[in-house]
Amino acid sequence: MDSVLEDEFDVGAIGYRPRPDRDAFQAMLDVHGLRPAATAFFEDSERNLAPAADLGMTTVLVGAHAGASTAPFVQHRTEKLAPFLATARLRETR
């Protein structure tokens, strides 16, 4: 079976600066040539979404406690990722 992933980006690629280090997020965007406005970041830890939101990414908190989140930088909340993705709509950004 072909891989469903085009590429990967791990903490080793950025000198072991883990999220939520803002520079780690910026490095990921730069390495892959991603535009923050066209990028979604999925995470099960609320605090790790803050730098992604600051950079302009869409943020999705996933997990059993996602619905209780009141963090202003969390744009979407879902308990389970698969149903969320099944109903997600892509938005064209320029």
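Tyr16 is exposed, with a relative accessible area of 65%, where exposed stands for over 50%, buried for under 20% and partly exposed for the range in between (1.4 Å probe, protein chains only). The residue is placed in the segment before helix 1, helices (H or I, at least four residues) and strands (E, at least two) being DSSP runs numbered from the N terminus. Although Tyr16 is not a glycine, its phi is positive, at about 60 degrees; most residues other than glycine have a negative phi.

The model is a predicted one, in which local features need pLDDT of at least 70 and side-chain atom pairs count only at pLDDT 80 or more, whereas totals for chains, interfaces and linings use all residues. Residues are numbered from 1 along each chain as its sequence is written, and side-chain values use heavy atoms, with hydrogens and water left out.

Strand 2 (residues 58-62) is mostly covered, five of its five residues being buried. The burial extends to both faces of the strand, with Thr58, Val60 and Val62 on one side and Thr59 and Leu61 on the other. Strand 2 runs parallel to strand 1 (residues 40-43), to which it is joined by four bridges, and strands are taken to pair if DSSP finds at least two bridges between them. Within this pairing, Glu43 stands opposite Leu61 of strand 2. Three bridges also join strand 2 to strand 3 (residues 76-78), again in a parallel arrangement, and here Val62 has Thr78 of strand 3 as its bridge partner.

The loop between strand 3 and helix 3 contains Glu79, which counts as exposed because its relative accessibility is 53%. The C-alpha atoms of Glu79 and Ile14 are separated by 30 Å, the two residues being 65 apart along the chain.

Leu81, found in helix 3 (residues 81-87), is partly exposed at 32% relative accessible area.
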